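These are my notebook entries on one chain.

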Amino acid sequence: MFKKKFFSMISIITLASILLVGCNTGEDETSESEELQITASFSVIADVVEQVAGERANVDYVVPIGEEPHEHEPVPSDFQKVTDSDVFFVNGLGLEEWLESLMDNVTDTPAVEVSAGIEPIKLSDGETDDPHTWLDPNNVNVFVDNILEKLIEIDPDGEDLYRENAETYKQELAELDEMIQEKVEQVPEENRLIVLSEDAFIYFGAAYGFETEGVWELNAHEEGTPQQIARVVDLLGDHDIPYVFLESTINPVHMETVSSNSGVPIYDMTVYTDAVAEEGDASSYIGMMEHNVEAITSALSE
């Protein structure tokens, strides 16, 4: 009798353990399957997406840090990455010139332009849109709205979290905007000219009262011709600014030539335009902008 009861008890415990393990395994699988797979075109957008999606998504990006998002050439792993994603967030406004060729080779992953709804600034030809909308943090509020809308559409169970994250991040963007306004007051009016290789700070300049110039307008266009360099050297001869700037993703040779021929030194803090830093304080969008503002205002206040 004792043996029967003993073995019955063991059988019940064993069965309960099996069921418990089975339940836990099912929960783990569900948790993993519910995590969204999201790809962004480049690191700046990926960081903004992560702020909104939080723990409910795994976020990756196509263009490696250090490469130009304008001129990236998709490789097979890029096609697979986007194909395996629930959504692909891109900037739009012609930034990702390679986008069409990539999307032609993936499945039905939806591509969402985070800049949709932003009034673009035209380049000098009056037709081409400047794609660098994110360099005005007020525009990133629009990014957040577009990301939020798509995340709720594909994952309605996460709506409360997404809305909470979006609201928190928008508050951080508002604080960033306020900080920038305070910092630029340190820069004398006559020094409010940002000169770098690609004229990427047009939206920033429009928002905070700076003129901007580049050796060229857009990295996808002709870059660093003798005529372009001569024009910037002449421009610097007419403006007594302390420094010019160099971007993290640009070959320094052209700006070094401008600096040598004009006598205007390159500031020793690199600025970030088309990518966040790989590590450190500038490895997020807000950190990147804080770094840029510190560099610009410190250099031009001298």
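Buried stands for under 20% relative accessible area, exposed for over 50%, and partly exposed for in between (1.4 Å probe, protein chains only).

**Basis.** The model is predicted, so I note the limits: local features need pLDDT of at least 70, side-chain atom pairs count only at pLDDT 80 or more, and totals for chains, interfaces and linings use all residues. Residues are numbered from 1 along each chain as its sequence is written, and side-chain values use heavy atoms, with hydrogens and water left out.

**Whole chain.** I find ten helices and six strands in the protein chain; these are DSSP runs (helices H or I, at least four residues; strands E, at least two), numbered from the N terminus. Of its 302 residues, 47% are buried. The chain exposes about 14900 Å², and carbon and sulfur atoms supply 48% of that. The areas come from the Shrake-Rupley method with a 1.4 Å probe; for residues, only the protein chains shown count as cover. Among contacts with a separation of 6 or more, 64% join residues 24 or more positions apart. A contact is taken as heavy atoms within 4.5 Å.

**Ile 38 and Phe 89.** Ile 38 sits in strand 1 (residues 36–40) and counts as buried, at 2% relative accessibility. Not counting residues up to four places away in sequence, Ile 38 touches Val 49, Ala 53, Ala 57, Asn 58, Val 59, Asp 60, Ser 85, Val 87, Phe 89 and Leu 151. Its C-alpha atom is 8.6 Å from that of Asp 84, 46 residues apart along the chain. With neighbours within four places in sequence left aside, the contacts of Phe 89 include Ile 38, Ile 45, Val 49, Val 112, Val 114, Ile 147 and Leu 151.

**Helix 2 on helix 6.** At what angle do the axes of helix 2 and helix 6 cross? The axes of helix 2 (residues 43–53) and helix 6 (residues 159–184) cross at roughly 125° and come within 7 Å. Axes are lines fitted to C-alpha atoms, for helices over the stretch in contact, and angles run from 0 to 180 degrees between N-to-C directions. Helix 2 is therefore oblique to helix 6. The scale I use is: under 35 degrees roughly parallel, over 145 roughly antiparallel, 65 to 115 roughly perpendicular, the rest oblique. Asp 47, Val 48, Gln 51, Val 52 and Ala 53 in helix 2 meet Leu 161, Tyr 162, Asn 165, Ala 166 and Tyr 169 in helix 6. By class, the residues of this contact are seven nonpolar, two polar and one charged. Ala, Val, Leu, Ile, Met, Phe, Trp, Tyr, Cys and Pro count as nonpolar, Asp, Glu, Lys and Arg as charged, and the others, Gly among them, as polar.

**Helix 6 on helix 10.** These two pack at an angle of about 5°, with axes 10 Å apart, so helix 6 and helix 10 are roughly parallel to each other. From helix 6, the residues in this contact include Tyr 169, Leu 173, Leu 176 and Ile 180; from helix 10, they include Tyr 285, Met 289 and Val 293. The contact has ten nonpolar, one polar and four charged residues.

**Loop residues.** Leu 93, not a glycine, has a positive phi of about 55°. Most residues other than glycine have a negative phi. I place Leu 93 in the loop between strand 3 (87–90) and helix 4 (99–103), partly exposed at 22% relative accessibility.

Is Glu 247 buried or exposed? Glu 247 is buried, with a relative accessible area of 2%, in the loop between helix 8 (226–237) and helix 9 (253–262). Away from its neighbours within four places in sequence, Glu 247 is in contact with Leu 196, Ser 197, Glu 198, Thr 270, Val 271 and Thr 273.
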